[in-house]
Amino acid sequence: MLTELTIILPAFIAGVAILAIHVPLGIEMLRREIIFLDLAIAQLAAMGAFFITLMFHEKEGTLAFLLMSQGAALFFAFLGALFFMYAGKRYKAYLVEGFVGCVFVLSATLVLLIMSHSAATGEHLTDLLAGQLLFISWPQVWILAVMAAITAVLMYRFPKAILGKYYYFVLALFVMMTVQVAGIYFSFTTLIFPAVGVFFVKKYKNKLLLSYAGCLLGLIGALLAALWFDLSAGPAIVWGIAVCMFVIFCMKSYFIRKNV
């Protein structure tokens, strides 16, 4: 049992760090009615990292490769954030959502087009989609934890700035980091499922508490299931969080009646 806990501990800490920031970002995303924004930014970040893997795969595992991969992912994520921030100021939410869909499809299919001439990159694409959270390294964990802690403090002290003026850039930064260690599916799940699950909860603090409780339960259950039954951690976490947040969503009549 101790060995099993040692294996999942880095993944658990990383998952908690991601959830700490993604939950409030996701609630704000739903409020802005740009539901698939994170998916488009995640795909852009994945595309940037994929390009580096394709061009410098012989250097994979080196510090130079890591810096180039992170830099390319951050560049494309921030580029997408700038575009969507501009579009959000100029156009209606439903049109911005249309732009989001266009960017996602174009970036995803561009990767597939490039893959058609490189059979060796299929495994990397799978990692970017489903992630390899169980195999995350401790340095990656500490980077995530420190970034999450700093952002959480800033979000608490300056909520109007972090969730307002700088929202797109904060979202791009954390989606980029999540994609690198946990995949696109995990990133989308931790942003959208909690926000949808607590949609009928009125008080913001209650939204956060219920979202964190449901996500933590789903994360722990999924990591244990992935370890015991030799499952892929990314998809297991998606289902774990989805089930827990669905249960909370089904309690909507209780929340409305009690004015929670």
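Tutor: Let us begin with a definition: a disulfide is a pair of cysteine sulfur atoms within 2.5 Å. Please keep in mind throughout that this is a predicted model.

Student: By this rule, what does the count of disulfides come to?
Tutor: A disulfide needs two cysteine sulfur atoms within 2.5 Å. Cys250, for instance, is in no disulfide, since the nearest cysteine sulfur, that of Cys244, is 12 Å away. By this rule the count of disulfides comes to 0.

Student: Is Cys250 buried, partly exposed or exposed?
Tutor: A residue is called buried under 20% relative accessible area and exposed over 50%, with partly exposed in between. The relative accessible area of Cys250 is 42%, and therefore Cys250 is partly exposed.

Student: Which residues form one aromatic cluster together with Tyr91?
Tutor: By the rule for ring pairs, the count comes to 12 aromatic pairs. In one of these, the rings of Tyr91 and Phe99 have their centres 5.6 Å apart and their planes at 75 degrees, and because planes over 60 degrees apart count as edge-to-face, this pair is edge-to-face. The residues that form one aromatic cluster with Tyr91 are Phe83, Phe84 and Phe99.

Student: Where is Glu33 found, and is Glu33 buried or exposed?
Tutor: Glu33 has a positive phi of about 65 degrees, although Glu33 is not a glycine. Glu33 is found in the loop between α1 and α2 (37–55). With a relative accessible area of 54%, and with the cut-off for this class set at over 50%, Glu33 is exposed.

Student: At what relative accessibility does Asp230 count as exposed?
Tutor: Asp230 is a residue other than glycine with a positive phi, near 55 degrees. Asp230 lies in the loop between α9 and α10 (233–249). Asp230 counts as exposed at a relative accessibility of 71%.

Student: Which helix supplies the largest share of the lining of the second largest pocket?
Tutor: The second largest pocket has a volume of about 320 Å³. At least two residues of its lining come from each of α1 (2–32), α6 (138–157), α7 (159–165) and α9 (204–228). The largest share, 4 residues, comes from α9.

Student: How many residues of that lining are charged?
Tutor: Among the residues that line the second largest pocket are Ile21, Met155, Lys205 and Leu208. The lining divides into 11 nonpolar residues, no polar ones, and, as the number of charged residues, 1.

Notes
Residues are numbered from 1 along each chain as its sequence is written. This is a predicted model: local features need pLDDT of at least 70, side-chain atom pairs count only at pLDDT 80 or more; totals for chains, interfaces and linings use all residues. Side-chain values use heavy atoms; hydrogens and water are left out. On a 1 Å grid over the protein atoms alone, a cavity is a set of points where a 1.4 Å probe fits but cannot get out, and a pocket is an open set with protein on both sides within 12 Å along at least five of seven lines; lining residues have an atom within 4 Å of a point. Grid points are joined across faces, edges and corners, and a volume is the space filled by probe spheres set on the points. Ala, Val, Leu, Ile, Met, Phe, Trp, Tyr, Cys and Pro count as nonpolar, Asp, Glu, Lys and Arg as charged, and the others, Gly among them, as polar. Buried means under 20% relative accessible area, exposed over 50%, partly exposed in between (1.4 Å probe, protein chains only). Rings of Phe, Tyr and Trp (its six-membered ring) pair if their centres lie within 6.5 Å; planes under 30 degrees apart count as stacked, over 60 as edge-to-face and the rest as tilted.
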